[in-house]
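Thanks for asking me to look this one over. My notes follow as numbered points, starting with a term you will need.

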Amino acid sequence: MPEKPYTGLTAKVSIGEPSVTLAYISGFDLTLEKDIIEILQFGAEFKEKVPAIKDWSASVDGTVAIAADGSQKQLYDAFSSGDLLKIEIYLDETTFFSGSGYVQSFNISGAPDDKLNLTCELAGNGATVLTVGT
């Protein structure tokens, strides 16, 4: 993560291939869930339980730092067009969750101190990956 506008939990939002970083956001809540599927095979006496990965979700309520190559319009365009975003949620410099998802709801407000505040809900598209640094 070349730019680090915040300390603590920061998310990096990027789009496209090759990936272009749009923004860094402080204030994330990541929810990971797993469904348990019950299976009863023909002739079996007992049900078996199999874990199935459920899509993740994230809530954002924090301050936005637009990246050098990003803009507020690109964030809005990803919301309005349904473009797939890549999200990386950093726990520290080298440990982060990453996944792809869509923006479900989107709200940017500007405060008198020129800070942008973003509130949105993200819906995951598949599993997240946890990368742990050394």
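This is a predicted model: local features need pLDDT of at least 70, side-chain atom pairs count only at pLDDT 80 or more; totals for chains, interfaces and linings use all residues.

1. Strands here are DSSP runs of E with at least two residues, helices are runs of H or I with at least four, and both are numbered from the N terminus.

2. Residues are numbered from 1 along each chain as its sequence is written, and side-chain values use heavy atoms, with hydrogens and water left out.

3. On burial, 31% of the 134 residues of the chain count as buried, meaning under 20% relative accessible area with a 1.4 Å probe, protein chains only. The accessible surface of the chain is about 8,200 Å², and carbon and sulfur atoms hold 52% of that; the areas come from the Shrake-Rupley method with a 1.4 Å probe.

4. Contacts (heavy atoms within 4.5 Å) are worth a look too. Taking those between residues at least 6 apart in sequence, 57% join residues at least 24 apart.

5. How many cavities of 30 Å³ or more does a search of the whole structure find? There are two. A cavity is a set of points on a 1 Å grid over the protein atoms alone where a 1.4 Å probe fits but cannot get out, and its lining residues have an atom within 4 Å of a point. Points are joined across faces, edges and corners, and a volume is the space filled by probe spheres set on them.

6. The largest cavity holds about 70 Å³ of space. Its lining includes Val13, Phe28, Leu85, Phe106 and Cys120. Strand 7 (85-90), strand 8 (96-110) and strand 9 (116-124) each supply at least two lining residues, with the largest share, three residues, coming from strand 9. The lining has 12 nonpolar residues, no polar and no charged; Ala, Val, Leu, Ile, Met, Phe, Trp, Tyr, Cys and Pro count as nonpolar, Asp, Glu, Lys and Arg as charged, and the others, Gly among them, as polar.

7. The second largest cavity has a volume of about 40 Å³. It is lined by Leu30, Trp56, Ile87, Ile89, Phe97, Ser98, Gly99 and Thr128. Strand 7 and strand 8 are the elements giving two or more of these residues, and strand 8 gives the most, with three. This lining divides into five nonpolar residues, three polar and no charged.

Methods: Buried means under 20% relative accessible area, exposed over 50%, partly exposed in between (1.4 Å probe, protein chains only). On a 1 Å grid over the protein atoms alone, a cavity is a set of points where a 1.4 Å probe fits but cannot get out, and a pocket is an open set with protein on both sides within 12 Å along at least five of seven lines; lining residues have an atom within 4 Å of a point.
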